[in-house]
Amino acid sequence: MRKSIGSNDNVHYDHAMSRAPENVAVVVSEDAHAFEYACVAEVFGLHRPELDPWYVMRTCAAKKGDISTRLHVRLVATHTYKAIDQAWTVVVPGWRPSEPVPDELTRKLRRAQDEGARLVSVCTGAFALAGAGVLGSRRVTTHWRWSNLLSEMYPDLDVDPDVLYTDEDNVITSAGSAAGLDACLHLVRKDRGAEVANAIARSLVIPPHREGGQSQYIEAPIRRDEADDALSELLEHVRTRPTGCYTVPTLAKRVHMSPRTFVRRFKAATGTTPHRWLTLERVRLAQRLLETSDAPLESITQRSGFSDPQVLRLHFRRELGTSPTAYRKTFRSKEKK
């Protein structure tokens, strides 16, 4: 039952009550991210008579009509931004980082937040929420390729490039592309319970909850300046001999530096300490072995330079957020190489 309008507080309450819990507004713009949009639509947009009442999803843009996508297919915005006014959940499935957020959309997102609606981003959609000023200083995420840019453009944000999604104060941000499914299932789980979320996951033939975070999917590129550094030969030597026993003094001696100078030069070239760099290299090697071989964990432990399987498990979970066994199940091809 709505309260009568007699004060600013009551006006606010009345607007909030007009937001039906089942209403989902999905915001798109030209050159839209079709796959990210499809992930959201698959969860919230399909009619599911066995789960009625289900969500009501509305696709909205600055104007109604066709919207181009990066996949050269077209979406249809059936609503304008006014649909946000009735939505309890507002989703931005991708946004060009350099694209300004329209003033009208900014007003709608801020009003939605003020009235308690949930704001959700998929992949680079976080740039739209940040541009509209609704993220504050929250912990957020986006695709790992764009996390540094998001941090640079919005330094007040606590950008976590590892997790699949974050959920703080009714603001949900998810990582690259398919992580939008994880975030959407998370919302269904909150709204309808684990049983319903599991049913949706089964229909999509995906796990209801994925173990680990983005880090298990991130490539570990070599810094551009590394190849020009005097340390490059040493780094390659260690990469090809990961089982060696390495200490800062022995490594420094090999490149004719004092330990102090070596650590400073090493961090300048790689962005991290010798110990952490070596640990990451060994974890990456273990990843490749788990992906491409059926070798037992004890063998992979030795070949990647760890002292025992427990140490490998410890660093694997610390760096990738999952276990070697779970990682192998996810990434190992069923066909023998």
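**Backbone geometry and sheet architecture**

Good morning. I begin with His256, which is exposed, with a relative accessible area of 75%; exposed denotes over 50% relative accessible area, buried under 20%, and partly exposed the range in between, using a 1.4 Å probe and protein chains only. This is a predicted model, in which local features need pLDDT of at least 70 and side-chain atom pairs count only at pLDDT 80 or more, while totals for chains, interfaces and linings use all residues. Residues are numbered from 1 along each chain as its sequence is written, and side-chain values use heavy atoms, leaving out hydrogens and water.

His256 has a positive phi near 60°, although this residue is not a glycine. His256 sits in the loop between α9 (248–254) and α10 (259–270). Helices here are DSSP runs of H or I with at least four residues, strands are runs of E with at least two, and both are numbered from the N terminus.

Cys123 also shows a positive phi, of about 55°, and belongs to the loop between β7 and α4 (125–131). Is Cys123 buried or exposed? Cys123 is buried, at a relative accessible area of 4%.

I turn to the sheet. Seven strands form an open, mixed sheet in the order β5-β2-β1-β6-β7-β11-β10; two strands pair if DSSP finds at least two bridges between them. Because β5 (79–80) and β10 (165–168) stand at the edges with a single partner strand each, one side of each has no neighbour in the sheet. Strands β1 (residues 20–27) and β6 (residues 87–93) run parallel and are joined by four bridges, and Val26 has Val91 in β6 as its bridge partner.

Finally, the peptide bond from Asp52 to Pro53 is cis, with omega near 0°. Pro53 lies in the loop between α2 and β2. Thank you.
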